Amino acid sequence: MYSIIGANGYLGSYVQKIILEETDEDLLCVDLNIEEDTERVKWYRCDITDPDAVDELLHVLEGYEDLKIVYLAAYHNPDLVEKNREFAWKVNVISLRYFIEHCPFAKDIYYVSTDSVYGESVDRYHFKEGDPLHPVNFYGENKVAAEGIMLENGRHVVRFPFLISPSLAKKPHFYDQIVQSLREGKPFEMYADSYRSSLSFENVARLLIALIEHGNTEPIVNVCGDQDLSKYDVGKLIASREGLDPELIVPITMDKKMAGFETKRATSTLMDNALLKKILDLDFVDIFEKPRYKE
Ligand SMILES: NC(=O)c1ccc[n+]([C@@H]2O[C@H](COP(=O)([O-])OP(=O)(O)OC[C@H]3O[C@@H](n4cnc5c(N)ncnc54)[C@H](OP(=O)(O)O)[C@@H]3O)[C@@H](O)[C@H]2O)c1
């Protein structure tokens, strides 16, 4: 049995899809906004900042054997986190602690963290799991604190890069905005000097469920792609996979601030995925193509 906490967002929608496609397990999806139940998927409304509601949820979860939890609920827009620091800490840290400390019965709990915990990659350095953490904003600090709670409780942390795919949730993703702009023949500006080990939501969900099903014992794993990609590179790839004009993707540099990018971000953060590849015996992890396993 799987449960996804924060199941109705971008990542949760893909994690649901992969669990249904690649395992025969049922799912309890928990979120503020819920959907209709289906044969294998049940929905449960819970605000994870409300301890009484969480107690009721925990009572339901305790009834399942071999429970595997993927914890995604978060307040994570760096600009909003900076503006609403107290609320962000309550959602991202205090509520997580309450849930984790009251859930000793779950077989596995995976917390999704981010490359933002590492800070700036100098000279294209690829951060490894044991490297010191130097987040450059309060969102990154929230994630470092959340990771600490997981590790203190003997639970798992996975660090994800910049993620991009068509949205399966009821809200468009950045990917969809790019596609819409190109379909309308409008240029779309993207940073050409800011690199990430980016992955699609589908691939990251696939690799996360593969790790859980494999019985991973590593406390922290970077789950990311093999390529160092700028957002401009990613935009070009999206244009070509959607059959749209890549020339409409316009390179800009980080010194040009875009709307929605008020708070400081690292220019580049690259991650090393050697541990992930060793655990799963992977040969190559592309941003969009299915991860390739060794023969
Ligand atoms: N997207 C990325 O590129 C990326 C990269 C690295 C790590 N991550 C991490 O992955 C996780 C999921 O990200 P995402 O992109 O899927 O975000 P998302 O679309 O916002 O999904 C989070 C889900 O949690 C729900 N939620 C928020 N507060 C809640 C609460 N108090 N109680 C119950 N549910 C609540 C949200 O509902 P509402 O929409 O109603 O708020 C949303 O459905 C986050 O921890 C994020 O930090 C994301």
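Biologist: Which residues of α4 meet α5, and which residues in α5 do they meet?
Modeller: From α4 there are Arg85, Ala88, Trp89, Asn92, Val93, Leu96, Arg97 and Ile100, and from α5 Phe138, Asn142, Ala145, Ala146, Ile149 and Met150. Contact here requires C-beta atoms, placed from the backbone, to lie within 7 Å. By class, the residues of that contact are ten nonpolar, two polar and two charged. Nonpolar covers Ala, Val, Leu, Ile, Met, Phe, Trp, Tyr, Cys and Pro; charged covers Asp, Glu, Lys and Arg; the others, Gly among them, are polar.

Biologist: Before we go on, what kind of model is this?
Modeller: A predicted one: local features need pLDDT of at least 70, side-chain atom pairs count only at pLDDT 80 or more, and totals for chains, interfaces and linings use all residues. Numbering starts from 1 along each chain as its sequence is written. Helices (H or I, at least four residues) and strands (E, at least two) are DSSP runs, numbered from the N terminus.

Biologist: Back to the pair: at what angle do the axes of α4 and α5 cross?
Modeller: At roughly 10°, and the axes come within 9 Å. That makes α4 roughly parallel to α5, a label for angles under 35 degrees, while over 145 is roughly antiparallel, 65 to 115 roughly perpendicular and the rest oblique. The axes are lines fitted to C-alpha atoms, for helices over the stretch in contact, with angles from 0 to 180 degrees between N-to-C directions.

Biologist: How far apart are the end C-alpha atoms of α5?
Modeller: They are 21 Å apart, which agrees with the 21 Å that its 15 residues (138-152) should span at 1.5 Å a residue. The expected span is 1.5 Å times one less than the number of residues.

Biologist: And which residues of α5 are buried?
Modeller: Tyr139, Gly140, Glu141, Asn142, Lys143, Ala146, Glu147 and Met150. Buried needs 20 or more other C-beta atoms, placed from the backbone, within 10 Å of a residue's own; 12 or fewer is exposed, and in between is partly exposed. The buried residues of α5 pack against α3 (78-83), α4 (85-101), β5 and β7 (156-160). After α5 comes Gly154, with a positive phi near 70°.

Biologist: New topic. How many residues surround the ligand?
Modeller: There are 24, and the closest are Gly6, Gly9, Leu11, Ala74 and Leu163. The shell has 14 nonpolar, eight polar and two charged residues.

Biologist: What about loops? Where does Gly119 lie?
Modeller: In the loop between β5 and β6 (126-127). Gly119 counts as partly exposed because it has 18 C-beta neighbours inside 10 Å. Leaving aside neighbours within four places in sequence, Gly119 is in contact with His134, Pro135, Val136 and Ala266. Leu270 is 151 residues from Gly119 in sequence, with 9.5 Å between their C-alpha atoms.

Biologist: Is Asp123 buried or exposed?
Modeller: Exposed, with 5 other C-beta atoms within 10 Å. Asp123 is in the loop between β5 and β6, and has a positive phi of about 50° although it is not a glycine. Most residues other than glycine have a negative phi.

Biologist: And what is the phi of Asp66?
Modeller: Near 50°, a positive value. Asp66 is in the loop between α2 (51-62) and β4 (68-71), and counts as exposed with 10 C-beta neighbours inside 10 Å.

Methods:
A residue is near a molecule or strand if its C-beta atom, placed from the backbone, lies within 6 Å of it. Two residues are in contact if their C-beta atoms, placed from the backbone, lie within 7 Å.
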